[in-house]
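I opened this notebook to record what I looked up in the structure. I began with the chain as a whole and then turned to one helix pair.

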Amino acid sequence: MNKNVLEGHFIKADKMMLYINYGLFAYALILAPWYGTWLEEIVIGGGTAAAMTFLVASAAGTALCRIAMASAFMLMTALHIHQSHGMIEMHFGVFALLAMLLYYRDWLPVVTAAAVIAAHHLLFFSLQKAGMSLWLLPGTEGGVGIVVLHAAYVVAESALLVWFSLRLKADAIQSMELLQLT
């Protein structure tokens with residue numbers, strides 16, 4: 001019963017999230033001239049938007065699609081962070097997009113997104129510190145403590161969003177079941 005009740009909602013949510021992903025792609029296009037990140041924009045931004053278009057067309061409403069969309073949101077945010085050479089304000093996208101995932105009424109996309117961005121931050125900090133031209137922060141002088149601070153905020157927000165999503169899902173199921181009874 002629960003799966004059937006929410007399946008239509010998940011399909012609608014996947015389509016809405018795809019449009020947000022297109023907006024993130026467009027934003028990456030706007031950022032590309034700043035530091036000449038056209039290749040990254042085309043490969044990562046274009047590849048992510050294309051993959052999500054295919055997935056929504058072929059598997060909308062599935063857990064796979066929700067997981068992929070959460071990952072795509074964080075990949076696009078990572079791209080924006082890189083394109084701005086680690087500008088701190090670009091990290092706000094993580095929190096805004098985590099909150100948007102709440103629309104799914106499912107904890108899985110929230111946890112997926114948090115895990116993806118955590119892995120990104122750890123990897124890119126290490127690579128940036130090693131001298132590669134990959135950007136997470138404007139500089140690495142603050143050490144890994146800055147990355148841990150970022151992670152603490154993501155964990156706190158994600159924990160609340162998981163709790164909210166469980167409540168929203170239960171409320172939606174209860175409303176649908178009550179509507180069916182009447």
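I took helices (H or I, at least four residues) and strands (E, at least two) as DSSP runs, numbered from the N terminus. On that basis, I read the order of elements from the N terminus as α-α-α-α-α-α. The totals are 6 helices and 0 strands.

I noted that this is a predicted model, where local features need pLDDT of at least 70, side-chain atom pairs count only at pLDDT 80 or more, and totals for chains, interfaces and linings use all residues. Residues are numbered from 1 along each chain as its sequence is written, and side-chain values use heavy atoms, with hydrogens and water left out.

Entry on overall dimensions. I found that the C-alpha trace spans about 65 × 30 × 20 Å along its principal axes. Of the 182 residues in the chain, 43% are buried (under 20% relative accessible area, with a 1.4 Å probe and protein chains only).

Entry on the helix pair. I looked up helix 4 (residues 92-101) and helix 5 (residues 107-129), which pack at an angle of about 160° with axes 9 Å apart. Axes are lines fitted to C-alpha atoms over the stretch in contact, and angles run from 0 to 180 degrees between N-to-C directions. Helix 4 is therefore roughly antiparallel to helix 5 (an angle over 145 degrees).

I listed the residues in contact (heavy atoms within 4.5 Å): Val94, Leu98 and Leu101 of helix 4 meet Pro109, Val110, Ala113, Ala114 and Ile117 of helix 5. I counted 8 nonpolar residues in this contact, no polar and no charged (Ala, Val, Leu, Ile, Met, Phe, Trp, Tyr, Cys and Pro count as nonpolar, Asp, Glu, Lys and Arg as charged, and the others, Gly among them, as polar).

Terms used:
Parallel < 35°, antiparallel > 145°, perpendicular 65-115°, else oblique. Buried < 20%, exposed > 50% of the residue type's maximum accessible area, 1.4 Å probe, protein only.
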